[in-house]
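Hi,

Here is the structure for your files. My notes on it follow below.

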Amino acid sequence: MDNSSSGKIQTTIWHLSMLLAPLLLLISQFFWTNGVLTIQAGWLQVLAFTFWIPAFQAMYDSMKTQWPRYAAIGFLVAVYACIGGNNFGVDGIYGEATGVFDVAAKNVLHQKLGIGGLVALYLPGILFPLSLISVGVGFIRTKKIDAWVAAMLIIAAIGFPLSRIPREPLIAHADNVLLLISHFIIAQRILRAQKG
């Protein structure tokens with residue numbers, strides 16, 4: 001396979017991932033029960049955050065010429081954040097399977113995890129919206145994406161913990177739509193830049 005073919009495959013994976021990651025997260029939200037991820041929500045979230053890894057790779061790759069260190073370190077942090085998103089999905093799968101059906105019971109379970117929960121869930125959970133903000137700031141500074149699109153991504157990033165921590169479904173649905181729209185526009189802009 002020549003380099004041009006492998007490059008086209010990589011580009012296709014990146015652009016599909018930028019659409020599938022927020023779309024799968026949006027769909028998973030409909031399977032929350034009492035603010036807790038179910039088995040269905042969990043496996044959909046696992047897939048969403050799997051696709052978010054190449055989505056972040058695409059976004060950071062677009063700014064690596066101007067900001068190589070920022071792009072490299074940002075992508076590494078984003079991968080760890082995506083692993084946390086995956087872990088929360090698995091937590092939902094195991095939670096339902098073991099009879100944890102509400103936020104209070106889930107909190108009791110998480111307290112027992114100690115440092116394991118901090119490393120596997122909470123620290124990467126904090127880093128996910130921060131990674132989205134980092135991408136948005138990078139787009140603004142490098143002028144790779146229109147500032148209003150980058151701002152939309154940053155607003156969606158801020159909305160992520162504001163909806164997930166208090167478990168507000170309507171805010172989470174609105175935030176998921178904003179994530180999907182911003183990622184769709186960014187994917188189109190990056191594709192246009194690659195062709196141009």
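Rings of Phe, Tyr and Trp (its six-membered ring) pair if their centres lie within 6.5 Å; planes under 30 degrees apart count as stacked, over 60 as edge-to-face, and the rest as tilted.

Ground rules. This is a predicted model, in which local features need pLDDT of at least 70, side-chain atom pairs count only at pLDDT 80 or more, and totals for chains, interfaces and linings use all residues. Residues are numbered from 1 along each chain as its sequence is written, and side-chain values use heavy atoms, with hydrogens and water left out.

Aromatic pairs. There are eight in the structure. Phe 49 and Phe 128 have ring centres 5.0 Å apart and planes at 70°, so they are edge-to-face. Phe 49 sits in helix H2 (residues 39-61) and Phe 128 in helix H5 (residues 115-142), so this pair ties together parts 79 residues apart in sequence. Helices are DSSP runs (H or I, at least four residues), numbered from the N terminus.

Phe 56 and Phe 128 are also edge-to-face, because their planes are at 85°, with centres 6.0 Å apart. Here H2 and H5 are linked across 72 residues.

Burial (under 20% relative accessible area, 1.4 Å probe, protein chains only). Phe 49 is buried. Phe 56 is buried at 0%, and Phe 128 at 2%.

The cluster. Ring pairs join Phe 49, Trp 52, Phe 56, Tyr 60, Phe 128 and Phe 160.

Helix H5. Lys 143 follows H5 and has a positive phi, near 60°.

Regards

Terms used. Helix = DSSP H or I, 4+ residues; strand = E, 2+ residues; numbered from the N terminus. Buried < 20%, exposed > 50% of the residue type's maximum accessible area, 1.4 Å probe, protein only.
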